[in-house]
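Please keep the sequence and the structure in view while reading.

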Amino acid sequence: MTSSAAEHIPVTATARVRVESEAFYAFAAAAASGGALGLLLGWFGPPRPLAGEGSFGWISAAACAVTAIAAAGVGYGRARKTRGDEGRLVLPSWRFGVNLVAVSLVHAGLAALAALAVFLVLSAGMIGWQVEPFWSAVLMGAATGITAYLVYLSASGMTTRRMSSLLLAFVVVGTLTAMVSTPDPDWWEIHFSHLGTFWHLSSVVFNGTLIVGGLLVTAFAVYVAHDLAAVAASGGLDPRARWRVVPTLFVIMGLMLAGVGAVPVNLSLLIHNLCAMGLAAMFLGLLAGGRWLMRGLPRAYFRSAGLFLIALLVSVVLFVTGYFALTAFEIIVFALIFGWIAVFIRFLTADRPTDAVDALA
């Protein structure tokens, strides 16, 4: 065994143990804090149902969201100097701060929605049960503890592939939640963005999903730049490829997506539409300019990108001819954008470790 290999193994083992140990401590601290909160709620508050407005499930979801923000912030921050993730280390402080906020908020949103779903299922199986002090402490402690453990591991081991999965899950779950909770059941007869026009929690969820999703796409650009640089250094990209443009397009795409959520159509139709068109333009540029920007990637990738481009153009034609309603067209374009991101990342990271801890090996 060479000296470099001998030095490499202990670093890897130490990193794995450190992350798992810190995740366990995060679990213990969050479970204890959540248990104490649950006990106080049970002792001094009225008996609460498992689900519904003002229920134990709602309070638990809020506690899980706060826990997720803390766990993701600490885990993502501490992993900045981890070997194998040097891409975070070279970031300016403000850019790293934006990434940290985006990662934390996405984990918080998913944790809250997961908690609501779990307690909704429990309420369906235990109809009429009111949460007592003992079970209040147990359930709250379990919810916050598990949240802290899973989120800490996720944020500490953030990779391009995991970031894309996180982005897709967050956008899909957030959008579906807004759809099923909107006060207007006929929203789909108007347009997709109509979901964000109400003074209701559903619009907060919808617009918040787009804003945080946009921030996550800008954070995502850092990982794309790091992986493209690695592929280029290994000879996987043609020297003529203009791959450095790709992360910039991702940043603009993220800002445009955030703008769509930050400026609903009832606030400013012009700005909202400009952001939506900017998002579509960046997507079109990445698809149509792929062979120039990323020359050297597998031929299968460019064929898949061509299928996405054809699907986009067909959707435009069907919308213009009146076959598609505006809502259907917007949802299809939305799905194509995030579907392409998932496919692109699978090709980009096909020969790289799938987990940040594995990247240490």
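A residue is called buried when its relative accessible area is under 20%, exposed when that area is over 50%, and partly exposed in between. Arg-18, with a relative accessible area of 26%, is therefore partly exposed. The model is predicted.

**Salt bridges**

- Side chains of opposite charge can pair when their charged atoms come close.
- The count of salt bridges in this model comes to two.
- One of them joins Arg-18 to Glu-22, with the closest N and O atoms 3.2 Å apart.
- Arg-18 and Glu-22 both lie in helix H1, which covers residues 3–44, and because they are four residues apart there, about one helical turn separates them.
- Glu-22 has a relative accessible area of 15% and therefore counts as buried.
- Glu-22 also meets the side chain of Arg-78 in a salt bridge, at 2.5 Å from N to O.
- This pair links distant parts of the chain, since Arg-78 belongs to helix H2 (residues 56–78) and Glu-22 to helix H1, 56 residues apart.
- Arg-78 has a relative accessibility of 45%, so this residue is classed as partly exposed.
- Together, Arg-18, Glu-22 and Arg-78 are linked in a network of salt bridges.

**Nonpolar surface patch**

- A nonpolar patch on the surface is formed by Phe-24, Tyr-25, Phe-27, Ile-146 and Leu-150.
- The accessible area of these residues together is about 530 Å².
- Helix H1 and helix H5 (133–156) each supply at least two residues of this patch.
- Helix H1 gives the most, with three residues.
- Phe-27 is one of the patch residues and is found in helix H1.
- The relative accessible area of Phe-27 is 30%, so Phe-27 is partly exposed.

**Positive surface patch**

- Which residues form the positive surface patch? They are Arg-291, Arg-295, Arg-299 and Arg-303.
- Arg-295 is located in the loop between helix H10 (290–293) and helix H11 (299–320).

Technical notes:
Residues are numbered from 1 along each chain as its sequence is written. This is a predicted model: local features need pLDDT of at least 70, side-chain atom pairs count only at pLDDT 80 or more; totals for chains, interfaces and linings use all residues. Side-chain values use heavy atoms; hydrogens and water are left out. Patches are made of residues with over 30% relative accessible area and no salt bridge: like charges are joined within 9 Å, nonpolar side chains (Val, Leu, Ile, Met, Phe, Trp, Tyr) within 5 Å. Accessible areas come from the Shrake-Rupley method with a 1.4 Å probe; for residues, only the protein chains shown count as cover. A salt bridge is a side-chain nitrogen of Lys or Arg within 4 Å of a carboxyl oxygen of Asp or Glu. Lys and Arg count as positive and Asp and Glu as negative; His and the chain ends are not counted. The place of a charge is taken as NZ of Lys, CZ of Arg, CG of Asp or CD of Glu. Buried means under 20% relative accessible area, exposed over 50%, partly exposed in between (1.4 Å probe, protein chains only).
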